[in-house]
Amino acid sequence: KADDDFYRAEAGIEAAMALVLGGKPNIGYPLKSGEKVQVLRDFGRASLDDYEEGEQIGFPIGGPTPAAAREAMNKEMRRLRDKVPPETLQEGETVIVPHWEVARIWNYAMKAYLRLEAIGQGQCVYGESTGWDIAENFLAGKFGALEPNRYINCPQVGFRVTRDKGTWPCGHCGKYESNLLQCSRCKSVHYCNRECQKKAWKTHKLECKAA
């Protein structure tokens, strides 16, 4: 049960981060008429060559009028004919992050996290998921969607970070504390004190390697 909640929390937090980073290609832009539309692009289709012969081409388009939707469809068809990569934003386009979807996934993850917290295992998730701060700060209104050209500077999805909001588990007793002693050789294990370190050495020495 705890393992299931751990995976639910981890997956939910990283899925929320993916949306904040523009993981869903929901694009907004103004038309020449001045009206604004939203288009959900297909990242798997970069040109007309990616469609089967006779296959109907369509995009989920949100616009204020049928005329605006048609104008947006014409633009999307031009992009396909010109083979513009779907992840490339043209002038005036922006990635729209669906705030309610981020909140829905975040709440799903937090239910699992709170169950872990109730049995003293919340620290296994809190701060350990790359997306925690990204999703939390987005929902708190501290920043909006990150610009697509900043993707390269963002954490890689799926990579966990070695931090837990300032706390570490002791390599012997498992207690979580801040400012623990670090193994000077491998620098990957921490201890409450010298006594815990000495007691753990019999087993730790089998895997301890110089960093």
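These are my notebook entries on one chain, taken from a predicted model.

**Overall fold**

I started with the secondary structure. I found five helices and eight strands in the chain. Along the sequence I read the order as α-β-β-β-α-β-α-α-β-β-β-β-α.

Next I looked up burial. Of the 211 residues, 36% are buried. I then turned to contacts with a separation of 6 or more: 59% of them join residues 24 or more positions apart.

**Aromatic rings**

How many aromatic pairs does the chain have? I counted one. The partners are Phe6 and Tyr7, with ring centres 5.5 Å apart. Their planes meet at 70°, over the 60 degrees required, so I logged the pair as edge-to-face.

Is Phe6 buried or exposed? I have it as buried, at 19% relative accessible area, because the cut-off is under 20%.

**Charges over rings**

I checked for Lys and Arg over ring faces. Arg45 lies over the face of Tyr51, at 4.2 Å from the ring centre. Lys75 does likewise with Tyr29, at 3.7 Å from the ring centre. I met Lys75 again in the next entry, among the buried residues of α2.

**Helix α2**

I traced α2 over residues 66-81, which is 16 residues. From first C-alpha to last I got 23 Å, close to the 22 Å expected. Which residues of α2 are buried? My list reads Ala68, Ala72, Met73, Lys75, Glu76, Met77, Arg79 and Leu80. The cover over these buried residues includes β1 (26-30), β2 (36-40) and β3 (61-62). Just after the helix, Lys83 takes a positive phi of about 60°.

**Helix α3**

I traced α3 over residues 99-118, which is 20 residues. Its reach from first C-alpha to last is 28 Å, close to the expected 28 Å. I listed its buried residues as Glu101, Val102, Ile105, Trp106, Ala109, Met110, Ala112, Tyr113 and Leu116. I kept one rule in mind for such lists: an α-helix has 3.6 residues a turn, so residues three or four places apart point the same way.

What covers the buried residues of α3? I found that the cover includes α1 (2-20) and α4 (132-139). After α3 comes Gly120, with a positive phi near 80°.

How values were computed
Residues are numbered from 1 along each chain as its sequence is written. This is a predicted model: local features need pLDDT of at least 70, side-chain atom pairs count only at pLDDT 80 or more; totals for chains, interfaces and linings use all residues. Side-chain values use heavy atoms; hydrogens and water are left out. Helices (H or I, at least four residues) and strands (E, at least two) are DSSP runs, numbered from the N terminus. Buried means under 20% relative accessible area, exposed over 50%, partly exposed in between (1.4 Å probe, protein chains only). Contact means heavy atoms within 4.5 Å. Rings of Phe, Tyr and Trp (its six-membered ring) pair if their centres lie within 6.5 Å; planes under 30 degrees apart count as stacked, over 60 as edge-to-face and the rest as tilted. A charge sits over a ring if NZ of Lys or CZ of Arg is within 6 Å of the ring centre and within 35 degrees of the ring normal. The expected span of a helix is 1.5 Å times one less than its number of residues.
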